[in-house]
Amino acid sequence: MKYGRSASFLTGENQGCQRYGPQTGSSPSSCIFWSLNLSDSMATYLEFIQQNEERDGVRFSWNVWPSSRLEATRMVVPLACLLTPLKERPDLPPVQYEPVLCSRPTCKAVLNPLCQVDYRAKLWACNFCFQRNQFPPAYAGISEVNQPAELMPQFSTIDYIVQRGPQTPLIFLYVVDTCLEEEDLQALKESLQMSLSLLHPDALVGLITFGRMVQVHELSCEGISKSYVFRGTKDLTAKQIQDMLGLTRPAVPVQQGRPLQPQEQPVISSRFLQPIHKIDMNLTDLLGELQRDPWPVTQGKRPLRSTGVALSIAVGLLEGTFPNTGARIMLFTGGPPTQGPGMVVGDELKTPIRSWHDIEKDNARFMKKATKHYETLANRTAANGHCIDIYACALDQTGLLEMKCCTNLTGGHMVMGDSFNTSLFKQTFQRVFSKDFNGEFRMAFGASLDVKTSRELKIGGAIGPCISLNAKGPCVSENELGIGGTCQWKICSLDPNTTLAIYFEVVNQHNAPIPQGGRGAVQFVTQYQHSSTQKRIRVTTIARNWADAQNQLQHIEAAFDQEAAAVLMARLGVYRAETEEGPDVLRWLDRQLIRLCQKFGQYNKDDPNSFRLSDSFSLYPQFMFHLRRSPFLQVFNNSPDESSYYRHHFARQDLTQSLIMIQPILYSYSFYGPPEPVLLDSSSILADRILLMDTFFQIVIYLGETIAQWQKAGYQDMPEYENFKHLLQAPLDDAQEILQTRFPMPRYINTEHGGSQARFLLSKVNPSQTHNNLYAWGQESGSPILTDDVSLQVFMDHLKKLAVSSAA
Amino acid sequence: MSVNQQAHAGPPYGQPQPAYQRYQQPGYGGQQMPGVPHSQYGVYNGPVPGHQQPAPPQGYFPSLGLPSKGSPVSLNSDTSSLAPNFIGPLRTPPTSGAPPPTSGAPLPVGQPAYNQFGQGDVQNGIPASAVQMQRPSVSQPFIPGSTPTSISQLSSFQQYGPSPTSAQQLTNHMARMTIGSVPTSAAPPAGLGYGPSTSVSPASGSFTATGSGLYTPYSSSQGPPPASMTHGLPPTSLSQGVPLAQPAFSGLPLSMQRLPSQGPGYAPPPSSTGIGPSNYPSTTGAPRPSTMQSPPLSGQALAGLPASQPNHLSSPPPPQQAMSGPHPGPPMTGLQGPPPPPTHPSQPGYQIQQNGSFGQVRGSQPNYGGAYPGTPNYGSQPGPPPPPKRLDPDSIPSPQLSELPPQQKPRHRIDPDAIPSPIQVIEDDRNNRGSEPFVTGVRGQVPPLVTTNFLVKDQGNTSPRYIRCTSYNIPCTSDMAKQSQVPLAAVIKPLATLPTEETPPYLVDHGESGPIRCNRCKAYMCPFMQFIEGGRRFQCCFCSCVTEVPPHYFQHLDHTGKRVDFYDRPELSLGSYEFLATVDYCKNNKFPNPPAFIFMIDVSYNAVKSGLVRLICEELKSLLDYLPRGGNLEESAIRVGFVTYNKVLHFYNVKSSLAQPQMMVVSDVADMFVPLLDGFLVNVNESRTVIASLLDQIPEMFADTRETETVFAPVIQAGLDALKAAECAGKLFIFHTSLPIAEAPGKLKNRDDKKLINTDKEKTLFQPQTNFYNNLAKDCVAQGCCVDLFLFPNQYLDVATLGVVTYQTGGSIYKYTYFQLETDQERFLNDLRRDVQKEVGFDAVMRVRTSTGIRATDFFGAFYMSNTTDVELAGLDCDKTITVEFKHDDKLSEDSGALLQCALLYTSSAGQRRLRIHNLSLNCCTQLADLYRNCETDTLINYLAKYAYRGVLNNPVKTVRDALINQCAQILACYRKNCASPSSAGQLILPECMKLLPVYLNCVLKSDVLQPGPEVSTDDRAYIRQLVTSMDVAETNVFFYPRLLPLTKVDVDSDALPAAIRNSEERLSKGDMYLLENGLNIFVWVGVNVQQGLIQNLFGVSSFSQISNTMSTLPILENPFSKKVRSIMDMLQAQRSRYMKLIIVKQEDKFEMLFKHFLVEDKSMSGGASYVDFLCHMHKEIRQLLS
């Protein structure tokens, strides 16, 4: 409150070096912003948002917060943010000491630039609970000119390296399906062998193979390769598995002597998990000798694949040996689990694997049981701080629907491809081990995210690759959005792109207004195991202004981040779609959209033509339109596996990628000018253009009819048409650029007018021209789409009508 | 048999018949003649020999035919049966003396000639034997002497006095003997001739039928009885003519001495035996010879008995019996010879005396009656001891009793030499029947003893190597069978190994439609099928159903009704052959895959530490090249797999394409499975290097193991699953060290409790702890998974439970308690080699079909049965034997006899599906005597042991023992009652063929299973119980009555083994070394006074005290003695299916206790009775039954 008036509309950094001391608190400079006109403010907000995102990895749906619960709920789009906890910050060197915590046991917020500091008394006041705290002895030399980094505004996000406990190397446990075609298996073996070279020599690796049986390979054997074999049909408890693997030494060592125990521990585990530098050769040979599952598969049968047990054993193995240490279980599977717990489909080929249709009809016999099995596993894995990756390469479904929780709850990767012998898999897999500018893996483990809020806010929940840690606290809301009821989540694995959506609730009562210029603050504390095995803590503290929605609505409106809002709403929608019927979710989305338009649109009642939206909202309906058509909400034409796959990625990618997923980007290449983005609309499909579409999951290069003919005619090979050659090449190069960086690597589709693969493009564009209205639109532009879907235009018309309707 | 042999000896007496000799066999006559007993024997050849026995047998044979074998052997309680007979006769003579006359009448009739002959013979014989006689006489003298001392004897003398008459009778008998002998001499061949005359009697009916005629013979035989009388008198008579009967005398009086002397005597007897045989031939053909011999033996024995027995008899209460026994012995003779003669005359009285048994008996057996007449004599004879009493007809029973005391006193000891000696019986059979091949063409022939080396010529009946029966003459009715209590059983060893001189069964292929079978009972084509209607149909020999001959099998018949291709087709002309099975005979209608061997090695701490693991691995490396090949294949079709285990299992992938083996650990023992398919079972040649590498590494891998717990059931399950997955049958070789206490199915707890011994709960020690293994076994059998178990326990590991699967799958158990590399390596490796290499059939089903009238009702052995007829065997090797018991369900006819067909369907080690067929035809009889004459005691013991050993599972051991004793008592009592000539109840009369039944039975009763000593572990008992259940006759024979060879008597220049001696400590001399083998162990016993030179030569140490007990093999020394002993050992080892453990025992050393345990004629530490005591006890039992 003391600094409330002095608080800037934007955060301090924006204003240069302003600091938040009592002295500066009274500065009136902030007022200037109030006079900004809308367009200016727009520009400023965009910058602000971008700056914030770059520095803190945070995007809020609202950047000025309505100051009361009532107003907040009327805003339709909840107050929420997209948080990328480990956003790469090459410019941010970690500090090598422990963070200073608020001493109030229920708070424990980290000292941050928003705190008031009394340099003379060597005291600081927590900006969340207002507790006054002593600086620790190490801060004795602190003064206004000698501030620790965490007090500097540019360190609103800061990394601490802390020394806690023994450092254990990273662990990679390969779980490999051997029921593959020879070719696939070969390719997979090569990929795995390659991956060994990418690992740190100290990293521990393990290998489990499975088919009809599950084999846990002991890697330290000389002369004879040894493995423990488990029946693929029997669900074993963690204890049984550990007993059978000899991971539990019953009482014997204890009796014999205490000092032995610590030594014994690594000895035990080392049989199955060995540092790569020790068993590099062994493992390479072992992988080389890996045979296809030898059990005969009779005609008309699927191979018996014990994925469920294999995973269970992998989880049990790590659970018994390295709990709470960063570890990846990497599952490579070439088909659906066909036996044992977690089986998804029987081994009779005549019974196809479940489809959405079956699921709707409640015809998927194994789904519930399997899902439960994998959920149990996922929860155990998450509890141990390990993660599961699934690399599923098969032409048919592989049961990702059932297994999705394994990745979704543990932050693991899910990769879906047609074959292990494709660059899609190979490149993607390689990219798992990509390194950052420091030469460290872009992965972190066992993170816990702790969110602290000002009193006016409470936490509704989070959506992302995390599980709740069930930490109740004063800042936890009773109304859950996403995974709620907690202020801490566990994210077992995360990479620099991993993004969580976090939803808040304004709890300030309308009759207790926040003083002008008051600011709300949120602190994100992420503790994690860095890929260098260090323990680190990243603390991000942000603050936003409060505004009274009744008289300052335009400020709030202007500070709306429609992109973030679209993604946040989409996540909510997708999250609901996992458990609710598709149409219900769509209806909910529609209603939200309509209410938003009603709230922020400018219109005359019952006059659709008068409807206008401000710039900060202008794209939002379009996002919603494409979201409604997206595979995240529509299951038509998608298998359950595909839906799961898409949703998995949608729930973890950052804002930019998410937007691409919602509304793919379409570039046009032609002789009429440089490449340009064009509308994702059927009208953009012209004969003399090359189109490049990026849907995140696919990169489609589409040659217009004329271009395709030219190419067939071979003009590009003629010296005089070198420009044509360049034209053809340009989208390829751009596509390559995308392919190089994206994870997972998109499906790369090179097609042309009339090509069968063109469907990827046609299914995404707005069907402004269809067989229904083709002739009304004239021949010139674009090509018609054979669909009954409504076009954006129709959608907007309806939206306007509904928004302005007084009946609504 | 042995008895019979003795009887043969009798024949020797028969020789006395030398008269016959005159006819043909002077020698014999001479010798045997001496056996005066001839007189008695005369009647029976048997009697003669024993004096009594030999002669009697003959006599009987002729007359009784059957009796020849069976009856002859009656033992006096003390003396061998023969003697009794003789004695009987002798005694009879006295009384019968008069009788003779009576009988004489009959005798005269025929006798005259006989008499002449006989007498002549006798005399001749006597003279000839005179010398011998002296000995015998000496021995007899004992008897007599003793007897004399005893009033009874005196009386006997008196009787003898009469006996002289009897002597005459004897002569008569002799004559018969001679006759018998003559025939014998002409014997075997001529025998027929005799046979006819005398042999007529052989025919069951013989006695009766021959009645008169017989009598004549009897008379002659009676004559012999007198001879036997001589026994009592023997001395006298013996001395006179009997002397010849040396055997008898020798046997009687000087048991020991005589034996030797007899031996020789016997040797000759053989010829006489031959004669006997001749008689027998008539009845049984070949068998006779043995009987002939036996008689002599018995004679001896008898002789011994009478003499000593009487005394002995008198001494113990049984003595009375014994007394009687001895007398009985005579009775025997009496029966044979004497009876007839005296019978008539004295019979009445005697009969009265004998009333109880004999009288009735007689009644029952008319023919016998005839013969019995003699028996009455017996009565009198038995009397001999009590002669006086006998004289008092009525007094016999009580008198004897009363007398007994006196007798007992004097007869405190029964002369062990006087009782039937297994050694002698074996020797005689060997001498008599070992020389020429056993031709199987004739129905109901009794084969030579298992201890005899002989060749077999298959002429339509299967070789005794495949099937042996307890009796080759089956009672026609169940009443008879019940009455006799003789179990009808066949001991079948379907895959027995044949000596190289004999041809293995031919393989017959009947084409796609499979073997020709009867439509109704499904019996397979065999030589007994009758082709009719010009060969278009055949009538089943089992069920009489008529079946069309398939066109492709049609063949014309010749004028005799034989198919023209008779000799071209093994299934028409041979007793044993094989059919190639068609797909219909295969599981799931698919031809089987070649079988697999899986080696499953315990690698727990104990196994590794003892060096066992390394040893096995090393051995396997070379052993795998010697897998059975099944015929002429270049390499074995058998695939191999490897598993090691402690509380988890390790499977190995040894696929040929691998650079190194892969090990796969399965820890989920609760739910066992096989983790790999391809690469687990491999061809040895293809995967040679990988396997070698594996076997190199296994010991290394587990060298530091600290795991002490093991599992067991999962190991079997794993093997079973592996075979299932590979869709083949096979064998698991499991090398296991400890009680499986690790948490897993089939986990066991230590439940050993010695306190249970001799309680009602003792049986639980033999029962498995849990049913789990039974169910597992069932699964194994269904898959054809045979389990061989090698155990290396350091403590109790519950063989009774662990062995269940092995047992029910037809596997073998080997046990090496406290395995130590140095001492047990050789034995284990030899066993392993043999076990791996031996031919074995898998996934087998055996079915025994029989003629209508009898039915296979009970089966003993290592197998599983899911219904009441089919014996299912997961595996069946060449050493495994199945004993089958038959019961009547209808009447049999003498004409058609009884047929057995044993069909074994199995998969050969080459993976070929085959049917092995064994056919055997047996005679049927309406006379009990025939039954008793055609029995085989060894087989009987085999059956009884198995029966008893199974019994202990459900009954207290005591009950089992009592039942056993009771049954034998009944068998013998029935004989006594129905077949033996009437005699005093105090006489023990044993059938010639069952002469050894008491001694062998006693061995069974004293065996570790039925009467454990304190040092015998529960595991050992269970182990032995299982072993015995699969033993064949030869194995049970030596197992229960070990072979004891005096090493110092070895003739280093000859190939022959030294003559065995009886298993009694008194026979050991301090200055000698002995070798004892029982099929499991070889002991070398060294007396304290053995010459140092010998010790040096054999053990390579300079003195007795330096001989080490821990020696597991004899040192290889270059001297003739050492070489010879070692070659004997090698020879013995080669004869047995298991490598025997060598144990050196020094006299008066602590190990001697162990050794003494095997001296089965002595009292055992655990309370087992001595032979003599048991015989007395037996006699008592019989008497109780008879009264």
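Tutor: Start with polar contacts. A polar contact is a pair of N or O atoms within 3.5 Å; within protein, one must be able to donate a hydrogen and the other to accept it, and residues adjacent in sequence count only if both atoms are side-chain atoms. Across the interface of domain 3 of chain A and domain 4 of chain A, three residue pairs are in polar contact, both at pLDDT 80 or more.

Student: What should I know about the model and its labels?

Tutor: The model is predicted: local features need pLDDT of at least 70, side-chain atom pairs count only at pLDDT 80 or more, and totals for chains, interfaces and linings use all residues. Residues are numbered from 1 along each chain as its sequence is written, chains are lettered from A and ligands numbered from 1 in the order in which they are written, and side-chain values use heavy atoms, with hydrogens and water left out.

Student: Where are the domains of chain A?

Tutor: Domain bounds come from an automatic or database domain assignment. For chain A, that gives domain 1 (65–163 + 443–559), domain 2 (171–246 + 303–432), domain 3 (560–663) and domain 4 (664–765).

Student: How many residues make the contact between domain 3 of chain A and domain 4 of chain A?

Tutor: Contact means heavy atoms within 4.5 Å. Domain 3 of chain A gives 13 residues and domain 4 of chain A gives 14 residues. Their C-alpha centres lie 27 Å apart.

Student: How much area do domain 3 of chain A and domain 4 of chain A bury between them?

Tutor: Buried area is the accessible area (1.4 Å probe) that two parts lose on being put together, summed over both. Here the two domains bury about 1,100 Å², 60% of it on carbon and sulfur atoms. In domain 3 of chain A, Arg629(A), Ile660(A) and Gln663(A) lose the most area to domain 4 of chain A, together 38% of what that side buries.

Student: Which helix gives the most to that side of domain 3 of chain A?

Tutor: Helices (H or I, at least four residues) and strands (E, at least two) are DSSP runs, numbered from the N terminus. H17 (620–629), H18 (640–650) and H19 (655–662) of chain A each supply at least two residues. H19(A) gives the most, with four residues.

Student: How do I read salt bridges?

Tutor: Side chains of opposite charge can pair when their charged atoms come close. The rule wants a side-chain nitrogen of Lys or Arg within 4 Å of a carboxyl oxygen of Asp or Glu. Between domain 3 of chain A and domain 4 of chain A, the count is zero. Between chain B and chain A, the count is three. Over all chains, the whole structure has 77.

Student: Which residue does Asp668(B) meet in a salt bridge?

Tutor: Lys234(A), at 3.1 Å, N to O. Asp668(B) lies in the loop between strand S15 (662–666) and strand S16 (682–683) of chain B, and Lys234(A) in the loop between strand S11 (225–231) and helix H5 (238–244) of chain A, so the pair joins two chains. Lys234(A) also meets Asp671(B) in a salt bridge, at 3.9 Å, N to O.

Student: What else describes the interface of chain B and chain A?

Tutor: Chain B puts 26 residues in contact with 21 residues of chain A. The two chains bury about 2,000 Å² between them, 54% of it on carbon and sulfur atoms. Ten residue pairs are in polar contact there, both at pLDDT 80 or more. On the chain B side, S15 and helix H31 (688–701) each supply at least two residues. S15(B) gives the most, with five residues.
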